[in-house]
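Work through the following exercises with the sequence and the coordinates side by side. Each task is followed by a solution in steps.

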Amino acid sequence: MNNEIKLLDCTLRDGGYLNDWEFGKSNIVNIFERLVSAGIDIIETGFIDSRREFDENRTIFPDTASANIIYGRLDKGSSMIVGMIDYGTCPIGNIMPADRCCLDGIRVIFKKQKMHEAIDFCRAVKEKGYKVFAQAVSITSYNDDELSELIGLVNDLEPYAFSLVDTYGLLHKGQLRHYFDFACAHLKPSIGIGYHAHNNFQLAYANCIELLDDPPTDRTLIVDGTLYGMGKSAGNTPIELLVMHMNSYHGTGYHNSQILEAIEVTMLDIKRKVDWGYSFKFFLAASHDCHPNYVNYLMDIGKLSVRSISEILDSLEGEKKLLYDKDYIRELYFEYQKQQCRNSDSVGELMTSLKGADILVMGPGKNIYEQRDRVDTYLSRNRCVTISINFIPEGYETDYVFMSNAKRYVQLCSALNEQKEKSKLIATSNITRTLGEFDYTLNYGELLDEDALMPDNPLIMLLKLLKEAEVSSIALAGFDGYRETSVSNYVNPNMEYSYSMEEADNINNDTVKGIRKLGLASPPVFVTESIYEI
């Protein structure tokens, strides 16, 4: 290969993660033809995945024969046309000989653990006449010895190109140069080198420019981008920026007007329906060198402050960081929340003051206000100690506020400080106070129900405390139960979680089961309507 730079567009493949590859037939054709007209060197048309049925509206197809149906009659001009296979998702039998296919090349992505088998698969693809691209995903998971081992396999294969794939957008300039220069130093000159960036740190374009302005002298450089940056996680390098840079600083003749037309005609409408680009979640994942699904899991719980999420992510170890494991992160979450802590010395005082008392527990369900007449009537007829859970009910006087949710505490800490003379604060040990100490601190781990679907259900945790305190009676108001997300569950929309109907039903059933399991001396009285009534 001579020294040259090629731009590769992978909108129809990487962008498909966001819309399940359903661009629509007319959009697929328009994007493809605009990229050809723009003079983009390499166009990636989609995934070849035997698990999916053929659909002319989607850019994921079961075999190369299906690619022919979509693209075979389109003029590809001077562009190289390629497809992608995620190793293990498509048998070699689904790949027809290259001389019968519209695809010029096939890119094969693979994880480090599968490098040997994947390179063997690449060899079989190459034998069918295709230009083969070996794509090492999560390049940051490789140390130098492992990368050297992979490059040895790649040199033996001698594909068209070898690509560094920064799957989670973790690379900064120095790290990028290390991986890139190491690969260039050890790859055969006949093998091109590619770079695929993601924008978790807003560095995708900057990193691409770093390589474009200092390309290798003995091989082809291939840099990936997508229209408007559309792509998985935080998105990719916008191809329109790469075209602009190449035309301005390298004297190329790409037709950016065609790129901009494709964005206006197709991408802007797509972006109104699905979003991509730099985001807080993907930044947080990248800053901890971990899989974004770990952040999604912890944030979806809705009970953790960002500080707590960061501390849990810091505890991820080794290769687990980039290989998402739901059971692993769930275990880390509960281990973190359990932070061993003795009940504060004042808890004995709390238990004494609650013993024999009639308790009204207030929750943040909408009925706490919508059925206020019931609550007022109950309070007028009963001399109660009032305790609210993870919120401050407006218009009510509360003797105690029970906090087990670190995120809610951060949201409420100013209001809690303002009314500290009116209400005493009971907090579990997973919460860190901004200033001073809580009135009462409880060992979080001792209040959990490890067998429950939601082991740290705040209502069950408080009821467990009240049982231990030997209170006389318990009444509940504002514990409406969960409904699907389309129905508001809370007095404050900022408190809402995202649940399907099935998930809501499971949580409701789990809560009822948890109340029964406590074996309270007498079941709680529901002052307001609740799905939990038993």
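**Exercise 1.** What is the accessible surface of the protein, and what share of it belongs to carbon and sulfur atoms?

*Solution.* The model is predicted, so that local features need pLDDT of at least 70 and side-chain atom pairs count only at pLDDT 80 or more, while totals for chains, interfaces and linings use all residues. Residues are numbered from 1 along each chain as its sequence is written, and side-chain values use heavy atoms, with hydrogens and water left out. The accessible surface, computed by the Shrake-Rupley method with a 1.4 Å probe, comes to about 23,200 Å², and carbon and sulfur atoms account for 46% of that surface. Of the 534 residues, 56% are buried, where buried means under 20% relative accessible area with a 1.4 Å probe and protein chains only.

**Exercise 2.** Describe the setting of lysine 6, and decide whether this residue is buried or exposed.

*Solution.* Begin with the secondary structure, in which lysine 6 belongs to strand β1 (residues 4–9); strands are DSSP runs of E with at least two residues, numbered from the N terminus. Next, consider accessibility: lysine 6 counts as buried because its relative accessibility is 16%. Finally, list the contacts (heavy atoms within 4.5 Å): leaving aside neighbours within four places in sequence, lysine 6 touches Asp41, Ile42, Tyr160, Thr220, Leu221, Ile222 and Val223.

**Exercise 3.** Which residues line the largest cavity, and how do they divide by type?

*Solution.* The lining consists of Asp449, Ala452, Met454, Pro455, Asn457, Ile460, Asp510, Thr511 and Gly514. Sorted by type, the lining residues comprise four nonpolar, three polar and two charged, with Gly counted as polar. Helix α20 (residues 501–518) supplies the largest share of the lining, three residues.

Conventions
On a 1 Å grid over the protein atoms alone, a cavity is a set of points where a 1.4 Å probe fits but cannot get out, and a pocket is an open set with protein on both sides within 12 Å along at least five of seven lines; lining residues have an atom within 4 Å of a point. Helices (H or I, at least four residues) and strands (E, at least two) are DSSP runs, numbered from the N terminus. Buried means under 20% relative accessible area, exposed over 50%, partly exposed in between (1.4 Å probe, protein chains only).
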